[in-house]
Amino acid sequence: LVSETASARRVVTLVIDHMDATGTTSAKQSAERLIKMTPNGIDFAVFKIDGRLKLYQQATSNRDLVRKAIRSVDHGKTGATDAEKAIVLEAKTGTDAAGKLLNVDQRQQARAVVAALGESQRMSRDLHMQSSLGPLLALARSAQSQPGRKAILFFTGGLHMDLNTREMMHIVIGTANRAGV
């Protein structure tokens with residue numbers, strides 16, 4: 001991911017799981033340290049899993065926006081985030097909040113994120129899986145349509161690892177591998 005050619009897009013998706021306040025604070029601190037030590041030229045996206053997948057920052061190389069998004073991840077916050085509202089608008093209209101026309105890749109990325117948000121809710125509801133695994137699977141699936149190098153970093157306090165969870169983890173990992181994550 002770090003040594004890829006400059007022309008290929010590189011995206012690291014940070015996913016903070018539902019945790020208590022101490023766990024969330026620790027995950028946010030770790031994410032900020034990671035951003036600080038990562039070289040420029042890598043985009044970051046920020047998500048939180050808290051009953052559903054929530055977008056806090058779509059992929060950007062602007063480290064200040066990424067840090068702001070990480071700091072805004074809040075334990076128990078409900079409702080759509082501003083980033084979700086903006087990306088839905090981008091996917092539907094093909095323009096950003098300022099009215100600037102998106103290029104084809106940007107609009108495809110917006111559509112992929114919107115699809116992942118919707119798919120994660122459906123999977124968690126319909127497949128009765130642990131609430132963190134549906135969103136991770138949805139992110140891995142959406143990464144298939146995205147060009148470049150990709151990584152998903154999952155910050156969690158732990159998962160209850162029964163037989164079903166182990167099987168689902170293998171599915172998530174396999175899907176991520178096929179997507180080039």
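Mentor: Of the 181 residues of the chain, 44% count as buried, where buried means under 20% relative accessible area, exposed over 50% and partly exposed in between, with a 1.4 Å probe and protein chains only. This is a predicted model, in which local features need pLDDT of at least 70 and side-chain atom pairs count only at pLDDT 80 or more, while totals for chains, interfaces and linings use all residues. Residues are numbered from 1 along each chain as its sequence is written, and side-chain values use heavy atoms, with hydrogens and water left out.

Trainee: How many helices and strands are there in the chain?

Mentor: The chain has six helices and four strands. Helices (H or I, at least four residues) and strands (E, at least two) are DSSP runs, numbered from the N terminus. From that end on, the elements run β-α-β-β-α-α-α-α-β-α.

Trainee: Why is Thr175 called buried?

Mentor: Its relative accessible area is 5%, so Thr175 falls under the 20% limit and is buried. Thr175 lies in helix H6, which covers residues 163-178. Leaving out residues up to four places away in sequence, Thr175 touches Leu137, Ala140, Arg141 and Gln144, where contact means heavy atoms within 4.5 Å.

Trainee: Which other residues of H6 are buried?

Mentor: Besides Thr175, the buried residues of H6 are Thr165, Met168, Val172, Gly174 and Ala176. What covers the buried residues of H6 includes H5. Met168 has a relative accessibility of 12%, and therefore counts as buried. The C-alpha atoms of Met168 and Gly134 are 9.0 Å apart in space, although the two residues are 34 apart in sequence.

Trainee: What makes Arg122 partly exposed?

Mentor: The relative accessibility of Arg122 is 43%, which lies between 20% and 50%, so Arg122 counts as partly exposed. Arg122 is found in helix H4.

Trainee: Why are Leu101 and Gly157 called exposed?

Mentor: Leu101 has a relative accessible area of 65%, which is over 50%, and is therefore exposed. Leu101 is found in the loop between H3 and H4, and touches Gly94 and Thr95, not counting residues up to four places away in sequence. Gly157, at 70%, is likewise over 50% and so exposed. Gly157 lies in the loop between strand E4 (149-155) and H6. Gly157 and Gly23 are 134 residues apart in sequence and 6.4 Å apart in space, C-alpha to C-alpha.

Trainee: Why is H1 called roughly antiparallel to H2?

Mentor: Helix H1 (residues 21-37) and helix H2 (residues 63-72) pack at an angle of about 170°, with their axes 10 Å apart. That angle is over 145 degrees, so H1 is roughly antiparallel to H2. Axes are lines fitted to C-alpha atoms, for helices over the stretch in contact, and angles run from 0 to 180 degrees between N-to-C directions. Angles under 35 degrees count as roughly parallel, over 145 as roughly antiparallel, 65 to 115 as roughly perpendicular and the rest as oblique. The contact is made by Lys28, Ala31, Glu32 and Ile35 of H1 together with Arg63, Val66, Arg67, Ile70 and Arg71 of H2.

Trainee: What makes a group of residues a nonpolar core?

Mentor: A nonpolar core is a set of buried Ala, Val, Leu, Ile, Met, Phe, Trp, Tyr and Cys residues joined through side-chain atoms within 4.5 Å. The largest here has 23 residues, and those with the most contacts inside it are Val15, Phe47, Leu53, Leu55, Val113, Leu117 and Leu139. A second, separate core of 17 residues includes Val12, Ile35, Val46 and Tyr56. In soluble globular proteins, nonpolar side chains tend to be buried together.
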